[in-house]
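Load the model in your viewer and keep the selection tool ready. The stops below give a selection and then what is found there.

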Amino acid sequence: MKKRGFKPTTRTFTTLINAYAGLKHSDDTTERRVTRTPEPRTVSRVSLIFDQAQSHLATQVAELERLESQNDPEELGLKTAGLVDETFVEGDGVDINIGPVNAYLKFLAKYGMMREMEKVFTAMPTSGPLSPDSITFSTMFSGLYDKLSKKSDPKEINEGHPPTDKGLTASTLWNQAYRQFRDAESSRSSDKRKIDEELALIALKCLSRSDYRSQQQTMQIIDALWPLPRPHDKRTPSQIRLAPPTHSIPHLPLTIRAATTIMAVCPKSTDRSHYAHLFLERPELQKHIDSPFLITAIRAFSETGDSPAVLEILKSYQPRKPNHWPPAVWHDSLTAARWSVSVEQGMKTLPNFEAALEIMRMMAHSPPGVEDGEITGPYTAGTPNGKPVDTLGVKWIKTEPVEVDAKPMSIFLKTALSRGYSEIQKAINVFNHLDGTRLLDLEGARKVANRDVDASDKRGRQWGVNLCRDVERACERLLERELPDEEKMKVEKLLGMVKRPEKRASRENDPKRFTGLIQQY
């Protein structure tokens, strides 16, 4: 370009930074962080290009100020109105564009270089064509979200900052974006200088991962941008209309993506369940319901024990790409049945074993009568709702049985143990039919009983060990009653498998066990 006499523009620098960083166009903010570190040569070249872009912008800003001082706006080739708020300011000899800054921030966010991102962001002006736009804030929130999502020690998360300085917080970023774009709404501004859905959703995710006060702020943002009825609102969805905005930031349309995020970020489980019910009944969302929305709704219902709502989803919708529910959905569904509340018993928690049994049947394609110990016929694959299509009008696709692992089996047995003898007997019959003994972590149970396991190994063996304990409790409960000789022999054999002598001896000889018992009283 230099040999041919072409001068680089801000678009040139933006394209070069995106190319070196392996990013897409400048408007894209969906790039995720990578675990590997960038090559030193790449960092050096990108930093050099960014420094050259900053020098170019400084020259262009000085030229713009010179032309403005001459009171000749026509020479700029621009309209005088809204000049300071435009993202692109281009004219005869003037080339001001925030693109290189956004591209450099996305490069830093991709590789988790949050400290450098804060330096660049804090050096940006708060007004004018080089002030942060919605892409800038979305990129900052994206980098902060990756930082907050790291499952590591808090000291590692705040690495690079003094003990008293935690760097930029989600609340600080949001307050700055709100103030800046609130003032911009009163004047003419570009579409990139306002709170859009991308910015709002990533901000909510960051706030939900922050401290308690920031988590409470998520509800204020939801109420401001999507004025939805709160849990105490008795109106039906058909009676609800979006109220006109009472502030300078306009309302955002309620999309299925926004609904999914709102359910996920609410700090209270009751609020998440409330919004899940509300969104499932809103006509404008029903045609756009997708798998992430349904998975999030099932998770919300599991936290409040709303097993009827979970079964309604499983019988009304089917997942897409892939054509089966992930294991977490079945875990959450069984958890909803375990923590369900019986209407007949008032507010007393009574696990819905019937719902758990139905979920296990849908999951493993168990034949009828297996819970009673007498299989009456093969499993017949029918449509869950009795119709050829689901609620969205899509033809039902035949599903394959899911291999049951230790976690759903443990939750299923816990649900039965909270009920009675009949439910425990049915659960053990299902356990035997699915060859549940292969899921028992007997070695892990022995190590845990002898306190011969570290924390990481204990987490990995958690559900296999829990299943051993659940089977032990279930067998002991069954042996409290008179059983036929053959059935009693099977139960005693299963109990002998999970109730190892080493485990019992270690518990009886452990002095800490008696200390714990004394502390309970």
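Leaving aside neighbours within four places in sequence, which residues is aspartate 470 in contact with? Select aspartate 470: the residues in contact are Ser410, Leu413, Lys414 and Leu417, where contact means heavy atoms within 4.5 Å. Before going on, note that this is a predicted model, in which local features need pLDDT of at least 70 and side-chain atom pairs count only at pLDDT 80 or more, while totals for chains, interfaces and linings use all residues. Residues are numbered from 1 along each chain as its sequence is written, and side-chain values use heavy atoms, with hydrogens and water left out.

**Stop 1**

Aspartate 470 is found in helix H21 (residues 462-478); helices are DSSP runs of H or I with at least four residues, numbered from the N terminus. Its relative accessible area is 3%, so aspartate 470 is buried (buried is under 20% relative accessible area, exposed over 50%, partly exposed in between, with a 1.4 Å probe and protein chains only). Show the side chain of lysine 414 as well: a polar contact of 2.7 Å joins it to the side chain of aspartate 470. A polar contact is a pair of N or O atoms within 3.5 Å; within protein, one must be able to donate a hydrogen and the other to accept it, and residues adjacent in sequence count only if both atoms are side-chain atoms.

Now select leucine 413, in helix H17 (residues 406-417). Leucine 413 is buried, at a relative accessible area of 1%. Its C-alpha is separated by 6.4 Å from that of aspartate 470, 57 residues apart along the chain. Not counting residues up to four places away in sequence, leucine 413 touches Ala427, Ile428, Phe431, Leu467, Asp470 and Val471.

**Stop 2: helix H13**

Select residues 291-304, helix H13, which has 14 residues and reaches 20 Å from first C-alpha to last, close to the 20 Å expected at 1.5 Å a residue. The expected span is 1.5 Å times one less than the number of residues. At the start of H13, a side-chain oxygen of aspartate 290 comes within 3.1 Å of the backbone nitrogen of phenylalanine 293. Glycine 305 follows H13, with a positive phi near 70°. Among the buried residues of H13 are Phe293, Leu294, Ile298 and Phe301. To see what covers the buried residues, display helices including H10 (256-265), H11 (269-281), H14 (307-316) and H15 (327-338).

**Stop 3: an aromatic pair**

Select phenylalanine 50 and tyrosine 104, an aromatic pair that is stacked at 4.1 Å centre to centre, with 10° between the planes. Rings of Phe, Tyr and Trp (its six-membered ring) pair if their centres lie within 6.5 Å; planes under 30 degrees apart count as stacked, over 60 as edge-to-face and the rest as tilted. The pair links distant parts of the chain, with phenylalanine 50 in helix H2 (residues 40-69) and tyrosine 104 in helix H3 (residues 99-110), 54 residues apart. Phenylalanine 50 is buried at 8% relative accessible area, and tyrosine 104 is buried at 5%.

How values were computed: Helices (H or I, at least four residues) and strands (E, at least two) are DSSP runs, numbered from the N terminus.
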